[in-house]
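User: I am new to this structure. Please take me through some of the terms used for it.

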Amino acid sequence: MLSVSNVTMRYGSKLLFEDVSVSFVPGRRYGLTGPNGSGKSTFMKILTGELDAQKGTVVRPRKFGVLRQDQFAFDAYRVIDTVIMGNKPLWAALEERDRIYEKPEMTDADGMRLGELEGVIGDEDGYTAESDAAVLLQGLDIPDDIHERKMGEIQGGQKVRVLLAQALFGKPEALLLDEPTNYLDLDSIHWLQDFLHSYDGTLIAISHDRHFLNSVTTHTADIDYQTIITYTGGYDDMVMAKTQIRSTLESQNAQREKKIAQLNDFIARFAAGTRSSQVTSRRKEVERLQTNDLARSNIARPYIRFDQLRPSGKHVLEFKHVTKLYGDLKVIDGFTANVLRGEKICLMGRNGAGKTTLLKSLLANYPGLADKDFTLDSGAVFWGHEAQIGYFPQDVGATIEPGLTVAEWLHRWNPQSTVEEIRGILGQMLFSGEEGSKPTKALSGGEQARLAFCKLILTKPNFLIFDEPTNHLDLEAINALNIALQRYEGTVLLVTHDHDLIDEVATRLWNFKEDGIEDFQGPYSEWKGKHN
């Protein structure tokens with residue numbers, strides 16, 4: 001059983017949650033939700049023991065798996081060993097056994113200890129540990145030839161998947177996963193969903209992937225109103241239940257306030273008259289009916305709306321035989337396509353398949369957006385009449401100049417815009433009041449993403465290109481982006497692994513496969529039906 005009792009946590013004057021008591025039941029899969037800054041990662045660290053609560057107690061199972069966020073902590077170890085470290089008792093026994101065998105001479109005590117260690121290794125399935133770890137790595141698309149390499153030699157996205165395998169290794173009684181889908185492609189996310197469905201322990205997952213939460217979780221622990229409330233069902237079920245409960249409370253308060261106003265009117269009119277007994281009874285009724293102050297939710301929903309200054313021509317982009325090589329590796333091999341105004345194309349495929357490379361290839365001759373260190377090996381790209389591009393790169397922080405305030409940086413993209421217009425757009429994206437004066441160098445990843453959206457809202461391009469826009473967004477911002485892209489009348493190229501964005505936004509798919517790029521003319525539901 002994993003549970004907390006009367007746990008309180010605050011940072012300075014900011015109270016995250018107070019006197020929280022909640023139990024996480026074996027066999028259930030919990031999504032831990034709440035907006036950025038609500039305390040999700042802090043609560044997860046309290047559960048794992050990385051942080052001590054300022055008040056309260058935590059009960060943990062003997063064996064639990066944790067998705068580690070420090071990608072560099074295991075750089076000196078083999079990939080396969082990093083996974084096995086997920087079972088701490090087993091790894092400790094293996095290391096101690098190796099130290100004993102390395103001694104020039106073993107004592108009788110060493111021999112006795114070896115017998116004890118072999119018992120631990122047997123109990124923890126240590127004799128099949130490497131093959132079990134290899135199965136997990138293969139499921140997460142880590143090929144066999146990488147298993148023996150050091151962690152410091154592999155790419156960041158691969159490291160995340162190895163650390164995920166570490167958390168899953170050793171049949172833990174509880175799994176605590178903080179953003180498990182970060183840097184995973186759609187195939188790996190689907191594999192993880194299937195794996196977690198078969199997991200029979202307690203699962204707690206923080207995720208900004210709505211489809212993942214709806215697909216995997218049976219319950220939702222929501223951090224809001226400075227407490228944690230558990231709801232039955234996935235994320236959408238929680239939102240519906242929470243909204244209904246809030247609406248009911250607000251309606252009851254409104255009815256009580258109306259009744260109190262009527263009673264107070266009677267009291268005011270007859271307080272000095274002959275109906276004192278009736279006045280007294282109504283005063284008691286007012287005291288009984290006093291409305292409850294509803295706690296203020298800390299959920300903040302941005303409002304995103306992408307408009308066009310003017311529409312593009314009908315044929316907005318055409319490219320022929322686009323080819324890009326890195327050394328001897330041909331990443332894009334003669335891809336040809338024509339994009340019409342209003343199409344919304346999602347680029348799908350494994351990490352490293354070439355999605356970002358194709359975007360850079362298409363922008364290679366576009367003024368102001370071409371990467372100066374990137375050259376197209378062959379092919380031709382033609383942008384149509386009046387095509388005006390808004391680009392959201394994967395490393396969006398690198399596009400935000402330091403040494404300015406948020407408002408100053410945004411104003412540079414349209415010097416004719418008024419102070420009121422800049423403030424209004426910043427307010428839409430939750431930069432309220434003094435936050436417009438915040439230095440750009442002090443922005444978090446989520447704030448950088450929201451500021452980049454402000455630029456797109458202000459400049460009103462007719463062709464939007466997004467490369468992994470959801471990486472630093474919370475669920476509310478991702479949902480707002482989803483709705484904005486569905487309503488946008490311009491053209492979209494979108495690289496994402498967010499299932500709902502692909503399913504609900506795309507009208508066409510470019511699917512990156514080992515043998516080339518599949519150009520599918522239709523939505524994701526039709527593509528999935530064809531490929532099942």
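Analyst: First, a definition: helices (H or I, at least four residues) and strands (E, at least two) are DSSP runs, numbered from the N terminus. Just after α6, Gly 170 takes a positive phi of about 90°. This is a predicted model: local features need pLDDT of at least 70, side-chain atom pairs count only at pLDDT 80 or more, and totals for chains, interfaces and linings use all residues. Residues are numbered from 1 along each chain as its sequence is written, and side-chain values use heavy atoms, without hydrogens and water.

User: Why are α6 and α7 called roughly parallel?

Analyst: Axes are lines fitted to C-alpha atoms, for helices over the stretch in contact (heavy atoms within 4.5 Å). Angles run from 0 to 180 degrees between N-to-C directions. Under 35 degrees counts as roughly parallel, over 145 as roughly antiparallel, 65 to 115 as roughly perpendicular, the rest as oblique. These axes cross at roughly 5°, so the two helices are roughly parallel.

User: What makes Trp 383 buried?

Analyst: Buried means under 20% relative accessible area, exposed over 50%, partly exposed in between (1.4 Å probe, protein chains only). Trp 383 has 18%, so Trp 383 is buried. Phe 463, at 0%, also counts as buried.
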